[in-house]
Amino acid sequence: MPLRRHRKGFTLIELLVVIAIIAILIGLLLPAVQKVREAAARMTSQNNVKQLGIAVHSHNDTIGYIPCQWDDNRGGKLASQHFWLLPFIEQEAIYKAGMAWTGSAYPHDTGVVATAVIKPFISTLDGSTPGSVVYGYWAISNYAANHGVFGQPNVSWNPKRKLEQIKDGTSNTVLFAEKMGQCGGNGSLWAHGTWNWPWMSTWAINVTPLPPQPVVDVPACDPTRVQSLSSGGCVVGLCDGSVRIVSPSITATTWVNACYPNDGQPLGSDW
């Protein structure tokens, strides 16, 4: 009776074929996985912006106006719009620490405020600031405030504007937009102030009337503008609390008109 030969394993060629198939499958799956992760991160960013928009409405209803870009003098304190929103995004402990600070009129002078990493201020789409802290001290916000609304360009940092005073319509006016945490040689620092605006989490449309930058690296980032944090576009929050994604191809004219609340200019078809 002839003996049967038993195979002890794969041949080298078979192993190479299996490895090649696995490599091909990984190559096909990775882009899909990355797209899913980016879509999930974009959704989180949209939810953060919406939460900030709701907080602005709550501030408007409770205090009587939206937060100022910088200033206020409430309790003798001068601070950024992000600071004044803290009680409305369940960050009262940080807010109270800043208001209790007696070393100066600036809450950001206490490290408790300046270094506080606030989750609703952070987008996971931004890889420019590992740990969400720039230069080892100041915490960032990826959601910059529109000086055209929170301030009054060339007039005041503290106009105490009411939402009902936005004549162009709250659904047509930008409130927040995404910005890289570390940008060029500057940072988008939510507690920073005294109107050193390239270091603040804001953009001044009267200074740089340019639309959001497409995805860029840190050296190419312009701190006077906002940025798209993903290839899909820049997540922005509007004054009515809604959220949309602005295309990288939007014209400067349409962007400027969307940033000014009372210029009476209609938005272009690219909005």
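You're looking at a predicted model, where local features need pLDDT of at least 70 and side-chain atom pairs count only at pLDDT 80 or more, while totals for chains, interfaces and linings use all residues. Residues are numbered from 1 along each chain as its sequence is written, and side-chain values use heavy atoms, with hydrogens and water left out.

**Stop 1: a charged pair on a helix**

Select Glu92 and Lys96. Both sit in helix H3 (residues 92-100), four residues apart, about one turn of the helix. An α-helix has 3.6 residues a turn, so residues three or four places apart point the same way. Glu92 and Lys96 form a salt bridge, with the closest N and O atoms 3.9 Å apart. (A salt bridge here is a side-chain nitrogen of Lys or Arg within 4 Å of a carboxyl oxygen of Asp or Glu.)

Glu92 is partly exposed at 41%, and Lys96 is exposed at 52%.

Asp72 is buried, with a relative accessible area of 6%. While you're here, click Asn73 in strand S1 (residues 70-74). Asn73 has a positive phi of about 65°, although it is not a glycine.

**Stop 2**

Now select Ile13, Val17, Ile21, Ile24, Leu25 and Leu28, which make a nonpolar surface patch of about 610 Å². Patches are made of residues with over 30% relative accessible area and no salt bridge; like charges are joined within 9 Å, and nonpolar side chains (Val, Leu, Ile, Met, Phe, Trp, Tyr) within 5 Å. The areas come from the Shrake-Rupley method with a 1.4 Å probe, and for residues only the protein chains shown count as cover. Zoom in on Leu28, in helix H1 (residues 12-63): Leu28 counts as exposed because its relative accessibility is 59%.

**Stop 3: the cores**

In soluble globular proteins, nonpolar side chains tend to be buried together. A nonpolar core is a set of buried Ala, Val, Leu, Ile, Met, Phe, Trp, Tyr and Cys residues joined through side-chain atoms within 4.5 Å. Which residues have the most contacts inside the largest core? Select Phe83, Leu86, Ile118, Phe176 and Trp190; this core has 42 residues. Its largest share, four residues, comes from H1. A second, separate core of 16 residues includes Ala144, Ile205, Val256 and Trp271.

**Stop 4: the cysteines**

The structure holds one disulfide. With -95° about the S-S bond, this link of Cys183 and Cys221 is left-handed. The pair links distant parts of the chain, 38 residues apart: Cys183 is in strand S7 (residues 182-183), and Cys221 is in the loop between strand S9 (202-203) and strand S10 (234-238). Cys183 is buried at 1% relative accessibility, and Cys221 is buried at 5%.

Cys259 is in no disulfide either, as the nearest cysteine sulfur, that of Cys234, is 9.7 Å away.

**Stop 5: an enclosed helix**

Cys259 leads you to helix H6 (residues 252-259), which is largely enclosed by the rest of the structure because six of its eight residues are buried. Those are Thr254, Trp255, Val256, Asn257, Ala258 and Cys259. The cover over them includes strand S5 (143-146), helix H5 (147-150) and strand S6 (174-178).

**Last stop: His147**

Finish in helix H5 with His147, which is buried at 3% relative accessibility. Leaving aside neighbours within four places in sequence, the contacts of His147 include Gln69, Trp157, Trp195 and Asn206; contact means heavy atoms within 4.5 Å.

Conventions
Helix = DSSP H or I, 4+ residues; strand = E, 2+ residues; numbered from the N terminus. Buried < 20%, exposed > 50% of the residue type's maximum accessible area, 1.4 Å probe, protein only. Disulfide = S-S within 2.5 Å.
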